[in-house]
Amino acid sequence: MSTLGRILLVEDDPKDVELTLTALDEYNLANEVVVAGDGEEALDYLYLRGKFAERSGENPAVLLLDLKLPKVDGLEVLQQIKSDARLKLIPVVVLTSSHEEKDMVASYRLGVNAYVVKPVDFHEFVNAIKELGAFWAVVNEPPPGSIKKR
Amino acid sequence: MTQRRPQLHELSAIQRYALAVLAVSVALGIALLLDRFSFRAAEVPLLLFAVAIVSWFGGRGAATLALLLACVIFDYFFTAPYYHLNISRTDLPYYAIFASFATLVTWFSTVRRGVEADLRLARDRLEVEVAERTQQASLLDLTHDSIFVRDMDDVITYWNRGAQELFGWTAEEAMGKRAHELLKTVFPSPIEEIRAELLRSGRWDGELEKARSDGTRVVVASRWSLRRDERGRPLAVLETNNDVTERKKREEQITSLNAELGKRTSELEAINKELEAFAYSISHDLRAPLRHMSGFTELLQKSTASVLNDKSKRYVGMILEAAKKMGNLIDDLLAFSRIGRAETHKTAVNLEQLVQEALSEVKQDTSGRNILWEVGGLPAWYGDRSMLRLVLVNLIANAVKFTRTRPEARIEIGCGGQEPNQIVVFVRDNGVGFDMKYVNKLFGVFQRLHPPDVFEGTGIGLATVQRIVHRHGGRVWAEGAVDRGATFYFSLSKSQGV
């Protein structure tokens with residue numbers, strides 16, 4: 001299942017990855033997650049390139065996207081996804097530390113589906129991640145061509 | 001030559017005719033006397049002389065009388081038959097010659113007198129004109145403008161006192177010199193173009209650089225007017241100059257100050273950009289490790305719940321609390337810095353409605369409290385709606401917070417005075433108040449007058465209030481006493497502020 005996740009988490013900070021996975025684990029969603037360490041890797045996954053060349057060609061049910069990323073940053077990834085007819089239907093949730101209004105405005109301009117500021121408080125963080133995971137990966141009916149619920 | 005010469009022969013009519021009779025009589029007397037002593041033919045020159053004298057001094061009428069008298073006398077006394085008005089045939093040519101000669105003398109004299117009178121009249125008119133011109137020229141001396149006239153060869157023909165004061169040359173020194181050589185004029189464009197413009201439109205103006213007699217340079221605003229003669233040929237140029245050296249200097253100063261200001265502004269903009277980047281980086285990079293600390297501590301708390309003793313559990317709890325506190329501080333600081341950076345969007349704001357909105361937001365946290373609200377009328381004003389709302393929320397929330405110890409809290413919101421360009425809004429409570437000697441610390445960032453275990457808070461609220469009010473061109477101040485409540489005022493100006 002390692003290359004067949006319903007959630008693509010794009011996050012460069014391993015600690016954040018671990019905390020996010022821990023939070024998702026409370027909803028038994030951790031196994032559904034594929035982690036991309038930077039924007040380029042995320043795009044490789046979506047376009048089945050590089051180390052993801054062999055994966056099956058379905059889109060993730062949701063993409064959790066950090067904004068501040070090495071190589072290709074989050075907003076560029078978002079722009080790429082929303083300007084590609086084959087990818088634009090994937091729900092994208094920006095998950096970031098930034099309260100900055102301009103990031104928020106830029107994200108919504110590019111067509112983001114949700115914008116979540118990571119709370120400092122762990123309880124709130126876990127709740128936020130759980131709700132996100134539950135809503136987008138379980139409750140929400142993904143667009144056609146995505147990985148189906150089990 | 002303003003004084004008129006005294007007239008020797010301004011005689012009345014009677015005097016003139018009397019002169020005619022007298023002159024002819026005297027001539028007759030002398031002629032008869034000379035005849036008695038056998039001087040022959042003296043009567044002709046004598047009578048002609050008398051007629052000439054009268055013609056000269058007595059005018060046309062007197063001359064005619066003298067001529068008639070002379071002719072009669074000549075006929076009566078000096079032509080045969082003597083002492084009779086008849087004239088013998090032999091003396092008739094002699095008489096005719098005398099009469100015509102006398103007539104000729106009279107005629108010449110009167111014509112000559114007429115010409116002289118015309119000349120005198122012309123001279124008088126000329127004198128009047130000269131007097132007027134002189135007066136006008138002296139008027140030109142009164143003006144502060146420097147004025148001179150130069151002919152078409154650039155030679156100075158008139159030079160007023162203003163010109164002397166400005167350039168240092170006296171009229172005597174300047175007249176007859178070539179103006180542009182004397183003043184070492186520097187033209188902004190080729191002199192041929194300026195001349196062409198002057199001949200075409202009759203005038204030219206512009207800034208010129210000239211030299212004073214001591215060699216110093218002077219910048220003048222120069223206006224040229226072309227004078228033409230009655231046939232339209234260019235005659236002279238009237239040049240008026242005003243010293244603009246000081247103005248020019250000030251203009252240059254202003255220009256350089258503006259340039260300096262522009263430089264400073266762009267420096268400030270750069271600094272502002274840096275600050276923005278700094279705040280952005282705080283927002284991202286400072287919160288992340290904090291989140292990790294808090295997250296992993298909590299995980300640690302969970303996994304060690306069964307092994308840790310109470311003391312250790314308390315330590316873990318305190319780490320979590322500290323991390324949370326720091327998160328709040330960072331968030332507040334970011335919000336504060338965002339207010340400083342954000343642009344204000346000013347519109348007409350209904351302050352009463354804004355108070356109601358702020359109240360409903362604050363009242364969410366007042367369950368179980370007994371608060372008596374007194375809200376007075378407030379005018380509509382001009383400002384950034386969301387920022388002013390934040391001011392009211394902060395002040396009202398403070399009032400709620402610091403009346404927490406009161407069994408019955410009383411919070412009053414109202415207008416503390418209105419002027420055409422300014423209003424004062426206040427929020428008054430009956431809470432714990434503060435010592436006026438710390439009033440200056442109230443509005444500082446992270447300044448707090450109460451320990452956090454009594455009244456929670458980061459100390460950013462009033463700093464935010466102050467920053468917003470300053471951006472609206474107003475000010476904030478407070479009055480209070482320990483345990484006797486506090487009143488916070490803020491003024492909003494209509495015209496000032498960003």
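## Contact between the chains

The contact draws 15 residues from chain A and 16 residues from chain B. On the side of chain A that touches chain B, helix H1 (14-25) and helix H5 (122-139) of chain A each supply at least two residues. H1(A) gives the most to that side, with 4 residues. Sorted by class, the side of chain A that touches chain B holds 4 nonpolar, 4 polar and 7 charged residues. The model is a predicted one.

## Chain B as a whole

Chain B has 12 helices and 12 strands. Of its 498 residues, 25% are buried. Among contacts in chain B between residues at least 6 apart in sequence, 59% join residues at least 24 apart.

## Nonpolar cores

The largest nonpolar core has 40 residues, and the members that touch the most others are Val391(B), Leu392(B), Leu395(B) and Ile396(B). Two or more residues of this core come from each of these elements of chain B: helix H10 (351-362), helix H11 (385-402), strand S9 (409-419), strand S10 (422-429), helix H12 (461-471) and strand S12 (486-493). H11(B) provides the largest share, 10 residues. Leaving aside residues up to four places away in sequence, Leu392(B) touches Leu354(B), Val355(B) and Ala358(B). Another core lies apart from this one; it has 39 residues, among them Ile7(A), Val112(A), Val126(A) and Trp136(A).

## Strands and sheet

In general, the strands of a sheet pair through backbone hydrogen bonds, in either a parallel or an antiparallel way. In chain B, 5 strands form an open sheet with mixed pairing, in the order S7-S9-S10-S12-S11. Strand S7 (371-375) and strand S11 (476-480) of chain B are the edge strands, and each pairs on one side only. From one strand to the next, the twist averages 15°. H11(B) lies across S7, S9, S10 and S12 of chain B and runs at about 25° to S10(B).

## One residue in chain A

Ala134(A) is found in helix H5 of chain A. H5 of chain A is one of the helices that supply at least two residues to the side touching chain B. Is Ala134(A) buried, exposed or partly exposed? Ala134(A) has 14 other C-beta atoms within 10 Å, and it is therefore partly exposed. Ala134(A) and Leu24(A) are 110 residues apart in sequence, while their C-alpha atoms are 8.6 Å apart in space.

Key: Residues numbered from 1 in each chain as written. Chains lettered and ligands numbered in written order. Predicted model: local features only at pLDDT ≥ 70, side-chain atom pairs only at ≥ 80, totals over all residues. Contact = placed C-beta atoms within 7 Å. Nonpolar A, V, L, I, M, F, W, Y, C, P; charged D, E, K, R; others polar. Core = buried A, V, L, I, M, F, W, Y, C linked by C-beta atoms within 7 Å. Buried ≥ 20, exposed ≤ 12 C-beta atoms within 10 Å, placed from the backbone. Pairing = 2+ DSSP bridges. Axes fitted to C-alpha atoms, helices over the stretch in contact; angles between N-to-C directions.
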